[in-house]
Amino acid sequence: MSSDALTIQATEAAGQPWTQTLHGWVTTVDHKRLGVLYIAYALFFLVIGGIEATIIRIQLMYPHNNFVSPQVFNRMFTMHGTTMIFFVAMPVLFGFANYLVPLMIGARDMAFPRLNAFSFWLTAFGGLLLYFSFFGGNGLYGAGTAPDVGWWAYAPLASRAFSPGHSSDYWTISLLASGFGSIGTAINIIATIICMRCPGMKLSRMPLFAWLNLVMSGMVLLAITPLSAAQIMLLVDRYLGGHFFDTQAGGSATLWMHFFWIFGHPEVYVLIIPCFAFVSEIVPVFSRKPIFGYPVMVGATVCIAFVSLSVWAHHMFTIGMNAYANSFFTITTMVVGIPTGIKIFNWLGTMWGGKIQFKTPMLFCIGFLFQFLIAGLTGIMLSAAPFDWQLSGSYFVVAHFHYVIVGGILFALFGAFYYWYPKITGRMLNESLGKLHFWLFLIGFHLTFDLMHIPGLLGMPRRIYTYEPGRGWDTLNFLVTIGAFVQGVAILVFVANMIISYFKGAEAGNDPWDAWTLEWSVSSPPPEYNFAAIPTVASRRPLWDLKHPEDPDSRYE
Amino acid sequence: MSAIASSLPETRGAWKLPSRGKVGMACLIFAESAIFTIFVVAYLFYIGKSLTGPTPREVLETPIFYTICLLSSSLTIHFAAKFLERGRRGAFLLLWLLTITLGGLFLYGTGVEWHRLIYEHGLTISTNLFGTTYYSLVGLHASHVIAGLSMLSIVLIFGLAGRVGPEHSGRVDVLSMYWHFVDVVWIVVFTVVYVIGR
């Protein structure tokens, strides 16, 4: 009798059975757990998307290579693009927003916890649907499995005649599902930030992280929805015999391009603005100075959001728009550079005169600053319509947007991982492995994407599965592929670091970086209810006020 | 540890933030407006681009009566919500039922129109560009009416069971925002399809 009781207690002490743990995670509505689910899900797809990129690069390593067939190559670049944008970048950024926004604004959860879970599972099923196409996309037609129409699925490529079977339908429906998930999460983030702030947390005192995610969510509402609408039209065309994008019945292939890029370009800013948010939190802490120009940062972000909604057709200069449209989209695209430049100077201004600590999160942020600047400069080059006529559809464009997405977004993300991993797990990531990860990834990144500009300038088009030798691209393509492998090794170091540190990392404590935002005031990992008592804040740096009662920020507001 | 006492505590009572239901619904309406905008743009872009008939001028009849039904349902739901706020449940239920009836009438009108277009004029979604854009835009709006009517009916069922009181007036207001949005969208659709498009 007594021994039975002891056994039960022992089991409880050892933890719940795994079924119960699984049940807990599947049915959770806690913003922290959903944040972790988002991030884990995105990391899983990062590995898959990375493998697809590696397959593309191995195929292009030598001229006339036969590593994969042209059909498989088309599937690989379609799936790589779709996966990385919709099932890596979006969920991982939503994951961080989910985890951190309520903690930073002193709330116990998101505004709509169940909508939060619903949105996550919609996104999750979207990803599963996309990959189920490898098994189910064939239909009865023998028509090929995964989608192979490129991540933008231009008409008429995605029409029934040119894309038989179901592969394009899996693409459409998976993006519709994950798109509704994104809209749900965006609504949730906005409602949380507007309605759940703790007392004293005025909009002018919110951490920039919350501000930038608020702007990002507003953009999601405006940018993802055109894609959803266009996907519905594509489904009408493919299943009900509609003619939206059917040129033979008077429809317009150009309209699809407009609808796609009305989504597609703001999407870049939907992805980069949360990365600005990471940098705006990390740079001040490791420079030991408050952010330089807080109101200007907010204003610049809002400005970027507005301007970026009117630049989309710079993706379409080569379709032959009139001179006014070309000039308009050239000018608006160049104008985006102004608020973005303001941000870069503000981060530099934050670092200027600070006691900079070169820890891994800061290293990644500094890498971000330089690389994002170069990506912006090639962006300005491509925004000039005549230059774009020459290089649109070449590897120069591929190099440019990978500079934004890898050199900008991914570097900032890695910084965020090193910065907030201790909060999420309670353990520090290993600093030497982190530095190894940084330098390996930096070398691999520059080897791949610096060199990739050159074959583009020499005329190498995108989406070709192989090329003739002797055009001056051979050595460059070989080196680009070597760079991809170096990046792959760096990612392995990162994954190893996360696993090893989870079990053996140093205890983080509440506030390992001596930071100033509210998430560092609670234990690591935070308790389920976040705050035992809802905090009250009086300045932008509530933890500074707490640590320095003799000289609080609130005195100067 | 987690309670952050500030050196300058503010008066807690003064801290008031907007209702999350209303903000959430406003965001949803914002997102839905973007979806409708794309469909409206497609409709406007394709006016007169059909290669075969029938054309809107030949077959469309302006649904004035059903439009009046839908627009007046905005008034009835507004006053229903007001009555609920003041605790007059009977008046609330009556006006709520009237709202559902008016919405249902509108939906019936759409059904009659579609039936006429399909069986008398042979216009389906695959006939020509007009058919594709017309059924998509009007259908998208009708599907929102159906969604709205379903939510209104759920409230009606709870109301008849005596479970809706003044304490729920905030939530009813959120639903009424959505219904107003559906009505406003109809004004746009009506203008585009029956005024500009003919």
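Colleague: In which hand does α3(B) pass α6(B)?

Modeller: This is a predicted model, in which local features need pLDDT of at least 70 and side-chain atom pairs count only at pLDDT 80 or more, while totals for chains, interfaces and linings use all residues. Residues are numbered from 1 along each chain as its sequence is written, and chains are lettered from A and ligands numbered from 1 in the order in which they are written. Helices are DSSP runs of H or I with at least four residues, strands are runs of E with at least two, and both are numbered from the N terminus. A crossing is left-handed if the near helix is turned anticlockwise from the far one by less than a right angle, and right-handed if clockwise; the crossing of α3(B) past α6(B) is left-handed.

Colleague: How are α3(B) and α6(B) oriented to each other, roughly parallel or roughly antiparallel?

Modeller: Axes are lines fitted to C-alpha atoms, for helices over the stretch in contact, and angles run from 0 to 180 degrees between N-to-C directions. The axes of α3 (residues 64-85) and α6 (residues 169-196) of chain B come within 10 Å and cross at roughly 165°. Angles under 35 degrees count as roughly parallel, over 145 as roughly antiparallel, 65 to 115 as roughly perpendicular and the rest as oblique, and the two helices are therefore roughly antiparallel.

Colleague: How many nonpolar, polar and charged residues has the contact of α3(B) with α6(B)?

Modeller: Two residues are in contact if their C-beta atoms, placed from the backbone, lie within 7 Å. Among the residues that meet are Leu70(B), Ile77(B) and Glu85(B) in α3(B), and Asp173(B), Trp179(B) and Phe190(B) in α6(B). Ala, Val, Leu, Ile, Met, Phe, Trp, Tyr, Cys and Pro count as nonpolar, Asp, Glu, Lys and Arg as charged, and the others, Gly among them, as polar; by class, the contact has nine nonpolar, seven polar and three charged residues.

Colleague: Which helix gives the most to the side of chain B that touches chain A?

Modeller: The contact between the chains takes 35 residues from chain B and 45 residues from chain A. On the chain B side, α1 (20-45) and α5 (129-160) each supply at least two residues. With 13 residues, the helix that gives the most is α1(B).

Colleague: In which hand does α13(A) pass α14(A)?

Modeller: Helix α13 (residues 395-425) and helix α14 (residues 431-457) of chain A pack at about 170°, with their axes 8 Å apart, and are therefore roughly antiparallel. The contact of these two helices divides into 13 nonpolar, five polar and no charged residues. As for the hand, α13(A) passes α14(A) in a crossing that is left-handed.

Colleague: Is Val285(A) buried or exposed?

Modeller: Val285(A) lies in helix α8 (residues 253-287) of chain A, and, leaving aside its neighbours within four places in sequence, is in contact with Trp513(A) and Ala515(A). A residue is buried if 20 or more other C-beta atoms, placed from the backbone, lie within 10 Å of its own, exposed if 12 or fewer, and partly exposed in between. Since Val285(A) has 22 C-beta neighbours inside 10 Å, this residue counts as buried.

Colleague: Which residues does Ser182(A) touch, not counting residues up to four places away in sequence?

Modeller: Ser182(A) belongs to helix α6 (residues 167-195) of chain A, and counts as buried with 30 C-beta neighbours inside 10 Å. With residues up to four places away left out, Ser182(A) touches Met90(A), Thr123(A), Val220(A) and Ile224(A).
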